[in-house]
Amino acid sequence: MTAESPVSPIPVGPAGLSSRARRFVEVAGIRVPVQDVRRHRDARIGHGIPAAEVDRVTAFQDRWGGLVLPPAPFYEGGPRILDAGCPEWVPGRGWSFEAGDCRVSMAYGFRIGADGAFGIDAYHWTPLHADMDGWVESLALADHARRWAGTVTRIKGKEVEDLDLGGFKPVPEVRGATDNWWRGEDSLIAVYRGEAVGLEAPQCLEAHIYGGLDEWGLHGG
């Protein structure tokens, strides 16, 4: 994929995603041209960036580069366009790179960490999901739950800490780190801790409760 080559605006859901997430990418997403990171490979290696890190950026761009998805329900909508930046070394954290520009001016950016986690770089690095796939799975699940839920309730701060998650199980495909999704008998709960942790701002803790879901609403896709 290069900025000069024709790019189909209709994306293909990458292999390895759930059918729900692939459908979300293909129906709700579009693909736009982005930078050809391969042309910078030799120059970046010449400037001391390890070849493995340069190749990690290329792999991200091949899988996600140019994908535009609907706004996320939190984090001011998430990245505007998924587009890998140049790898950067941070002492104590290792190599990481930008995952895409923010939609609005934010106190943090979206990055891929040294271990492949997707997260926010705020006062300190805060992984949200174990990888980019997990973030996309969370967007797809939010879109699905919103369409099928009988009720959607948002709670903040201490109310989130007081949530009783007994009887709920983590939704595995979202690969939760700081953020996570929980599935119960007739409801799904998304817990967004990233801003609260990354900005050291407990008041930013938020959860979305999707209630009144039938079997398809809970597991569809």
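This is a predicted model: local features need pLDDT of at least 70, side-chain atom pairs count only at pLDDT 80 or more; totals for chains, interfaces and linings use all residues.

Residues are numbered from 1 along each chain as its sequence is written, and side-chain values use heavy atoms, with hydrogens and water left out.

**Stop 1: the largest cavity.** Select Leu69, Pro79, Arg103, Trp135 and Leu139, which lie nearest its centre among 14 lining residues. A cavity here is a set of points on a 1 Å grid over the protein atoms alone where a 1.4 Å probe fits but cannot get out, and lining residues have an atom within 4 Å of a point. The space inside is about 70 Å³. Its lining divides into 10 nonpolar, two polar and two charged residues.

**Stop 2: the second largest cavity.** Now pick the lining residues, including Phe74, His129, Asp179, Trp181 and Tyr192. This cavity has a volume of about 60 Å³. Which helix gives the most to its lining? That is α4, with three residues; show residues 132-148 to see this helix.

**Stop 3: helix α1.** Select residues 19-28, then highlight Arg20, Ala21, Phe24 and Val25, which are buried (under 20% relative accessible area, 1.4 Å probe, protein chains only). These four sit on the same side of α1 because they cover an arc of only 135° around the axis, taken from the directions from the helix axis to the C-beta atoms.

Note on methods:
On a 1 Å grid over the protein atoms alone, a cavity is a set of points where a 1.4 Å probe fits but cannot get out, and a pocket is an open set with protein on both sides within 12 Å along at least five of seven lines; lining residues have an atom within 4 Å of a point. Grid points are joined across faces, edges and corners, and a volume is the space filled by probe spheres set on the points. Helices (H or I, at least four residues) and strands (E, at least two) are DSSP runs, numbered from the N terminus. Ala, Val, Leu, Ile, Met, Phe, Trp, Tyr, Cys and Pro count as nonpolar, Asp, Glu, Lys and Arg as charged, and the others, Gly among them, as polar. Buried means under 20% relative accessible area, exposed over 50%, partly exposed in between (1.4 Å probe, protein chains only).
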